[in-house]
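Colleague: Please take me through this model, and show where each word comes from.

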Amino acid sequence: MPIPRRALVAAAVALVLPLSACGSGDSGGSTDASGRIEGDITFQTWNLRANFKPYFEGVVADFEKKYPGTHVKWIDQPAEGYADKISADAAGGTLPDVVNVSPDLVAPLAKAGLALDLDKSAARYKKEYLAGAWAGHQVPGMTGTYAFPWYLNTGPLFYNKSLFEKAGLDAAQPPTTYDELFTDALRLADKSDGKAATLANVPTIEDFGRYGVELMNKEGTAFSFNDAKGVQLLTKYKELYDAKALDPQALTATPESSGKKFLTGAVAMNPGSALDLGNFKKQAPNLYKNIGITDQITSTGKVNMYVMGVMVNSRTKHTPAAVAFAHFVTDAQNQMSFAKKVAIFPSTAGSLDDPYFTKEDGTDETRVRVAAAKSLKNAVNYTPVLFSEQMKTALRNEIAKALQGKQSPRTALDNAVKACDTLLRQQG
């Protein structure tokens with residue numbers, strides 16, 4: 001399973017699933033989900049069969065038992081080239097009836113009229129999910145919600161209490177806002193003579209979101225992260241970079257290299273997972289004894305979450321069955337069962353209050369799970385659904401030039417927005 005994005009790369013699992021090439025033809029289907037639940041439908045996941053075959057076979061069997069007139073064909077695709085597979089299926093009219101998608105994958109399908117609007121066809125289920133999760137598959141410039149929320153993920157921040165204490169900072173009160181982070185980071189760099197940075201990564205689009213920057217206009221036609229607040233954030237990062245409070249190798253950092261920097265005490269804060277705690281215990285026992293766990297830095301009061309969803313093909317010939325199955329896969333009982341098999345979190349309302357997500361038992365895995373679950377209740381997906389991998393690269397390249405002093409933060413963000421807007425127009 002592929003691991004989602006920067007904050008969670010060290011985690012054991014991923015959050016990305018979509019679907020393959022069977023099921024509905026290219027004839028238009030009904031948007032009415034209120035009819036009899038019957039018929040043959042196709043559901044496809046992404047690289048999950050190897051690890052979770054019994055789970056998904058059980059879900060399918062339970063659904064078919066509940067609705068005797070149905071048959072679900074489960075297909076699993078390899079991770080490689082999945083987005084291209086979805087595009088080909090959409091173009092060829094072979095998109096499955098029920099498709100697991102990430103927000104960025106659902107956007108073009110919704111624009112093409114291939115994703116069923118659940119606000120119209122399944123609104124009665126909306127209250128079953130966390131509000132931020134339900135909103136995760138809404139597309140700027142369009143009205144509607146185009147996938148059921150499935151599982152969520154997020155990651156807390158680890159910090160090195162010893163490095164904080166050596167800098168004269170209160171290790172029991174780590175920074176929670178960007179202003180506090182910048183102040184503490186400069187002090188820590190100064191007190192360590194530049195030998196210890198606080199951060200190991202350049203800002204991403206999620207960081208601009210957590211800082212409170214308006215990332216895009218409401219119509220979904222242009223990006224706006226080059227506003228005064230965006231420039232302010234990048235200017236602060238430039239200050240950190242110059243003071244060595246941002247690791248000098250941040251421009252080329254990978255999650256793995258950032259993790260090693262944290263492991264060796266060269267970096268004071270880093271996102272991570274329960275797996276990291278286990279590694280620290282074995283490889284760096286002194287670090288392990290001094291590990292603090294805190295929420296992601298945010299100036300909005302809401303952390304970033306990654307959300308995956310289950311979409312219904314608007315052209316399915318069996319709308320009631322497809323909607324019922326998509327809801328079944330993502331209902332509280334099945335999400336809770338899946339969450340206990342893999343390090344993810346349910347998107348259903350109330351599930352995060354379960355003792356599994358609130359009670360610590362002294363294990364590293366539980367420490368991280370409880371910390372992450374607590375922050376998810378009002379979390380949002382800051383990454384715009386229209387923000388592609390090419391756009392991420394364009395932003396990163398311009399930020400690198402600004403940190404190196406080759407251009408101003410204002411020019412860097414203006415150039416990044418221009419490049420991203422061009423790419424956005426090419427998306428159609």
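This is a predicted model: local features need pLDDT of at least 70, side-chain atom pairs count only at pLDDT 80 or more; totals for chains, interfaces and linings use all residues.

Colleague: What makes β4 and β8 a pair?

Modeller: Two strands pair if DSSP finds at least two bridges between them. β4 and β8 have four, in the antiparallel sense, so they pass the rule. The strands themselves are DSSP runs (E, at least two residues; helices are H or I, at least four), numbered from the N terminus.

Colleague: How do you know that β4 and β9 pair?

Modeller: Strand β4, residues 148-153, is joined to β9 by two bridges, and the two run antiparallel. At least two is the rule, so two bridges are enough. Tyr151 has Pro346 of β9 as its bridge partner, and Leu152 stands opposite Phe345.

Colleague: What is the strand order in the six-stranded sheet?

Modeller: The order is β2-β1-β3-β8-β4-β9, in an open sheet with mixed pairing. β2 (70-77) and β9 (345-346) each have a single partner strand, so they stand at the edges, with one side of each lacking a neighbour in the sheet. Inside the sheet, eight bridges join β1 to β2, which run parallel. Phe43, for one, has Trp74 in β2 as its bridge partner.

Colleague: Which strands does helix α1 lie across?

Modeller: Helix α1, residues 49-66, lies across β1 (39-46), β2 and β4, at about 165 degrees to β2. Helix α13 (319-329) packs on the sheet too, touching β1, β2, β3 (98-101), β4 and β8 (306-312), and makes about 155 degrees with β8. Contact means heavy atoms within 4.5 Å. Angles run from 0 to 180 degrees between N-to-C directions, with axes fitted to C-alpha atoms, for helices over the stretch in contact.

Colleague: Why is Leu152 called buried?

Modeller: Buried means under 20% relative accessible area, exposed over 50%, and partly exposed in between (1.4 Å probe, protein chains only). Leu152 has 0%, so it counts as buried. Leu152 belongs to strand β4. Six of the six residues of β4 are buried, so the rest of the structure largely encloses that strand. β1 is mostly covered as well, with seven of its eight residues buried.

Colleague: Why do Asp193 and Lys244 get their labels?

Modeller: Asp193 has 65%, so it is exposed. Asp193 sits in the loop between α7 (178-191) and α8 (205-211). Lys244 has 44%, so it is partly exposed. Lys244 sits in the loop between α9 (228-242) and α10 (255-263).

Colleague: What makes their backbones worth a look?

Modeller: Most residues other than glycine have a negative phi. Asp193 has a positive phi, near 55 degrees. Lys244 has one near 65 degrees.

Colleague: Why do β6 and β7 stand at the edges?

Modeller: The open sheet runs β6-β5-β7, with antiparallel pairing. β6 (269-271) and β7 (291-294) have a single partner strand each, so one side of each has no neighbour in the sheet. Neighbouring strands are turned by 30 degrees against each other on average, direction ignored. Strand β5 (157-160) and β6 share three bridges, and Phe158 stands opposite Asn270. α10 lies across β5, β6 and β7, at about 140 degrees to β6.

## A pocket

Colleague: What lines the second largest pocket?

Modeller: The lining has 20 residues; nearest the centre are Pro140, Leu215, Asn381, Tyr382 and Pro384. Of the lining, 10 residues are nonpolar, eight polar and two charged. Nonpolar covers Ala, Val, Leu, Ile, Met, Phe, Trp, Tyr, Cys and Pro; charged covers Asp, Glu, Lys and Arg; the others, Gly among them, are polar. A pocket is an open set of points on a 1 Å grid over the protein atoms alone, with protein on both sides within 12 Å along at least five of seven lines, and lining residues have an atom within 4 Å of a point.

Note on methods: Residues are numbered from 1 along each chain as its sequence is written. Side-chain values use heavy atoms; hydrogens and water are left out. On a 1 Å grid over the protein atoms alone, a cavity is a set of points where a 1.4 Å probe fits but cannot get out, and a pocket is an open set with protein on both sides within 12 Å along at least five of seven lines; lining residues have an atom within 4 Å of a point.
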